[in-house]
Amino acid sequence: MSNNALVTLISRILLSILFIPAGFGKLTAIAGTAGYFAAKGLPLPTVTAVIVGLVELLGGLAVLVGFQTRYAAILLGLFTIAAAFVGHLVPWDQANQINFFKNLAIAGGFFILAQYGAGALSVDAKRG
């Protein structure tokens with residue numbers, strides 16, 4: 001096992017551990033998530049809650065195991081940028097600004113993963 005393979009695996013784990021529980025939480029508390037989304041003015045809040053929960057959960061799992069990693073990373077990177085603008089773009093609130101820039105940094109990590117792939121310790125590598 002190369003150092004690059006191990007670092008890429010650890011990077012995938014670190015990126016995915018934020019999204020898997022977040023998606024699971026949204027899917028197991030649809031009403032609360034839909035209420036939050038409705039308060040943000042998002043359309044069809046219940047449908048949006050289900051879609052967001054599935055993107056986070058399934059995308060996070062795909063990144064974790066390295067399955068269709070480039071696509072999952074692009075999807076989650078774009079999703080994370082959208083979440084930054086919808087949920088954290090509050091210039092007068094420093095806590096939200098920190099989360100806004102953290103989301104952009106996480107998106108950057110996903111785009112690097114999309115560029116270089118899942119590495120040798122992944123389903124993608126095993127599939128050839």
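N103 touches T80, A83, A84 and H88, leaving aside residues up to four places away in sequence; contact means heavy atoms within 4.5 Å. This is a predicted model, where local features need pLDDT of at least 70, side-chain atom pairs count only at pLDDT 80 or more, and totals for chains, interfaces and linings use all residues. Numbering starts from 1 along each chain as its sequence is written, and side-chain values use heavy atoms, without hydrogens and water.

**Exercise 1.** Classify N103 as buried or exposed.

*Solution.* Locate N103: helix 5, residues 94–116. Helices are DSSP runs (H or I, at least four residues), numbered from the N terminus. Take the cut-offs: buried is under 20% relative accessible area, exposed over 50%, partly exposed in between (1.4 Å probe, protein chains only). N103 has 13% relative accessibility, so N103 counts as buried.

**Exercise 2.** Find the contacts of F79, again leaving aside residues up to four places away in sequence.

*Solution.* F79 touches F19, V52, V55 and E56.

**Exercise 3.** Determine how helix 1 and helix 3 are oriented to each other.

*Solution.* Start with the axes, lines fitted to C-alpha atoms over the stretch in contact; angles run from 0 to 180 degrees between N-to-C directions. The axes of helix 1 and helix 3 come within 7 Å and cross at roughly 150 degrees. Apply the classes: under 35 degrees is roughly parallel, over 145 roughly antiparallel, 65 to 115 roughly perpendicular, the rest oblique. Helix 1 and helix 3 are therefore roughly antiparallel. Among the residues making the contact are F19 of helix 1 and V52 and E56 of helix 3.

Technical notes
Helices (H or I, at least four residues) and strands (E, at least two) are DSSP runs, numbered from the N terminus.
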